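Hi,

Here is the structure for your next look. My notes on its contacts and domains follow below.

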Amino acid sequence: MNKTNKILSLALLSSCIVAVSGCNGNGNKREADKDNIVFIKDDIVLDSFEGLGVEWGTYEDPDKLSASSWARSLEIMDRLNPQVTRCMLNYDWFITNFDDKYDDDKTNDTWEYNFANKYMNNTVNVLRYCDDHNIDVAFGCWNVPGNVGADQYNMFTEVTSDPRWARMTADILEYLTVNQGIRCIKYFVNSNEPNYSGIEGKSKNYNNTFEIWAKGVQNVRKALDERGLGHIKIVGGDTTGFEGTEEYFTGISKSKSIREAVGDYGFHVYCPNMTIDRGELAVNIRGVYKKTKKNDSQLGVTRMPHIWEAGLYDGKNAETDSNALIANFSYGLRMADYTLQCVTAGVNSIVYWDFDDGMHFMYHEDGTTNSKGWGMFSSLSTDSATKQRLRPWYHSSVLLTNLLRKGSKIMDYPTNDPEIDNAFRSMGVIGPGSSYAGVVAINRNMMPVTKTFRIAEEFINSNKVYVYIYNENELQLGDDGFVKENQVIDASLRDQIEISVPGNTMVILSSKEL
Amino acid sequence: MKKAKLLCGACLTALMSVTALTACGGGSNGADKYDKNNRLILNLRNVYFDQWNGEDNYTEILNEMFGVKIKATNYSYSSWDTQVGTAINGDNLTDAIQYNLKAYNFGSSYEKWVGYGLLKPLPDDMSRWPEIQKMLNNISNIDYLKVDGKLYGIPIANDISNPTKDFSNMTYVYRRDWAKQIDEMNKNTAGWTNVYKEGDVYTWEEFNRLLTAFKTNIKTLSGTDKADVLVDEAWGFPSVANFYKNAPHCYTKDSDGKAINAFTAPEYLNGLDAAKELVANKIYSPDQCNWKEEGGDATTNYLGGKAAVLYDNFSFSNYLKLRTNFKNQRKPGSVDALNDGTAFLKIKGPDGKFAIENTENWFSMTMFNHKISDTKLEKILDVINYLLTDEGTRLAIYGQEGYDYTMDSVTGEVTLNEMSWEKNINTGEYAPKTNGAKYLRYMATLGNDTKAYDPYTDLTAYNIFNAWNDEMKAAKEAGDLRIIVEPADISWMSTATKNKRTKANLDAAKGLASDYCYGDINQTKYINDVEGLNGYKDAIDEINAKLGK
């Protein structure tokens, strides 16, 4: 393979300026040089980013976790250092002694909870970690309780608008926040991907509509407020796919009562590779953003756009709910590209899908199961050694999670517009309190490209630039198995730094060690 | 959402036993609606649209090309008929539906739906859609599907590149490894003649000797007391009757051309006796008679290492599924071992011929909601026709030219782009990706025409499958394959009682055949019970009246 060019120099190159006129993500049009990239104040598209993270839900079979695998998982989580996560579970794990009065009144049914079980233990372990590490959590339940084939609680017709759903939600959140003292839950997820209705007999959600979901949100909002849990916001959507998301975002943004009941505009994006590769994800995100903003001026102000599940669709094996490309380097490159495109388009936090293969399982009709292979590794000792290993996209995610910290400013560059250049993208980052700065450069060309970078905004200069290269040949791992810099140079991002970015590679320049 | 309304009140609800009305997959119920880009929305439903809703880049290419917005929903395979019936009953069809049309339900579904005006016919002049027209020209028995000269849908071709194939894939696979193992175990036995036959072709005597050898050694081979020699998927029992019978379903003709009951025809009774003997000899699984019609039990046993010979419908996708599951569950360790565990077993019956039930060269039908406009129908046909062209087929199989592949303008050779055609780093197999064009092509063809060059095709499996097909084709040409066929003029004939009772009587007769083989009833009672089935005789009388017999 080609040996990639390293950092070349701190030269001031101006001999070949290719200036184009383009818009950055905030819509400001300006002249920009394709090859000599300078991030300026005008390029700031997000001025208080909320951080990156990864889905870390309650383990469906905590018995499969050993003490050593849990300890390893925490070590891996430590290095990832996320600032946001989504933790989902099933209410079925706790509901007991359900007494359906067999009348039309659902409010007189009674039930109890068994919280003294392995599921709640695991949930509390996850949430305590989040408390201790200042990670904001979107907590929720996958769907209304009941078995798909049975609907024993008679909840599939009304789904989340069933009054018992709000009561269960308030009970469980009250238990966690009051009884357990959990502080990190900032959002409640009013069921997973409500727009994905599926087919009766195969899905609990077959009867759902936006109106049903919205009624459920209002019921939950009221129930939480009555319990003194007003600080927990409700995710506005948690939908999947752009069409379904548009439907829900339109519904939310057009109705004062609904938009006031939700705390954000939250959605899932599983993106085809082609869309990422061509830089079109940012265009799609901006499209949804713009339409929603027309109805709700508070989008991006008090109600932020968040991606609560982020992943790549190509490679999905529907039978195993695993991704065949998850262990490929390209998955990490594309997820980095995905991240760049989303945050420069205004998404204020992203939660990747997902942390650990050991969390979720597919249950097959013949009685067999498989762990869902969409994680950064597998904690299951029963999985092969290959699956237990940290996957490349974990390392690329570590770099981004540690660079794009909560409170960061994100700078988009006008030539990221795919109509100008659909194969090279970059963004600037100013850390919280201007404590550091960084540049993310992603080259999706087959061949290397040479560019210079400079950040013209103020930040506390360390006079060092840590260089990280993510591709199959040059990713550097330390003795601890975690990513480390390829090079440290005595320089400043305030100066013009020239680099050659190899084909299909992400290079990160950072004034702090990541 | 939509409120379903009955088009024709009681007469429609009487059509089918399904009464529940849901809006699932109802779409716009025919009306022309446009998306934000002024593209005509097409709501299409198909059993093969599993895990796909129309949101992908390749569908978007088609959307742009034809000024449409395709929205896709699927049927659950296990309740496909019910879901179609529900939508029909409620007159709540998507723009295009897919129905599992068979000869036995032709009169009670298709013909009635046409009569009630629920389906929109194809245009009389199909010259605007030459690829569809070309395909239709090769559809078997297509004239029977026309009502007053009009065709109300597109029969979905099995293989547009091989339209003359008229035998089904209902056949056997077996544990060739076990057959070889038996020979290995007996290699020092004086006078032992190998039970395994090179090439997997067995005469009737050799087949029976193989079954007996399996029975003798099944515990050793399987490692369990609960293994069986021969298992049929329930719908196919008793498969050994195929080597005797001359009709696959309810009706056949005698030598005078008169319709008779196929389940009491002498040839079938001989087949039943052969099956009964295999039951008595504990060759057939004792559990066979308890398995459910929807299938899966026999395959589960086979995959569990608890059966030596399996009868099923081995379409390529089913055969591939068997191999995949066998690989996962039996962990054969090598491709050769996998091949040996899932080998096609080719049996010549007592008459020295292979025997396979026939098939139409199409499976199920894409039909159109009567409420859709001519414009919408034409748009759907435009899309389908395009997908049958060379260019459209490349979109469906390879993706977008430039991004997914490049094509040599002179030779036409296709080169896949490594970045978009990525392989799983651990398995070396191409990673799946969602291509709506491929899904949509299933509205017209099952895609067997593209298997040979589809990058996703498991070529080892395909070559084995293809070799079996070629061998049977050659046998047919040589007169060594007996194709078991119901006369088409009976199959597609519509009479009041036949329409009403054929499926029920087919199921009931198969149940009685099972009872007979498993010893619950004697032959006289079997014959009396079958012939006494409600409406069976009346249906035959009506058929003969129409045949002029």
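Which domains does the assignment give for chain B? Three: domain 1 (9–161 + 362–450), domain 2 (170–238 + 284–357 + 459–484) and domain 3 (488–547). The bounds come from an automatic or database domain assignment.

The model is predicted; local features need pLDDT of at least 70, side-chain atom pairs count only at pLDDT 80 or more, and totals for chains, interfaces and linings use all residues. Residues are numbered from 1 along each chain as its sequence is written, with chains lettered from A and ligands numbered from 1 in the order in which they are written.

Domains 1 and 3 of chain B have centres 35 Å apart, over C-alpha atoms. Nine residues of domain 1 of chain B meet ten of domain 3 of chain B (contact: C-beta atoms, placed from the backbone, within 7 Å). On the domain 1 side, helix 4 (residues 103–106) of chain B gives the largest share, four residues. Helices are DSSP runs of H or I, at least four residues; strands are E, at least two; both are numbered from the N terminus.

Chain A is assigned domain 1 (19–48 + 409–510) and domain 2 (52–403). Their centres lie 31 Å apart, over C-alpha atoms. Here 27 residues of domain 1 of chain A touch 26 of domain 2 of chain A. Strands of chain A supplying at least two residues each to the domain 1 side include strand 4 (44–46) and strand 29 (505–510).

Between the chains, 26 residues of chain A contact 20 of chain B. Helix 7 of chain A gives the most to the chain A side, three residues.

Best wishes

Conventions: Contact = placed C-beta atoms within 7 Å.
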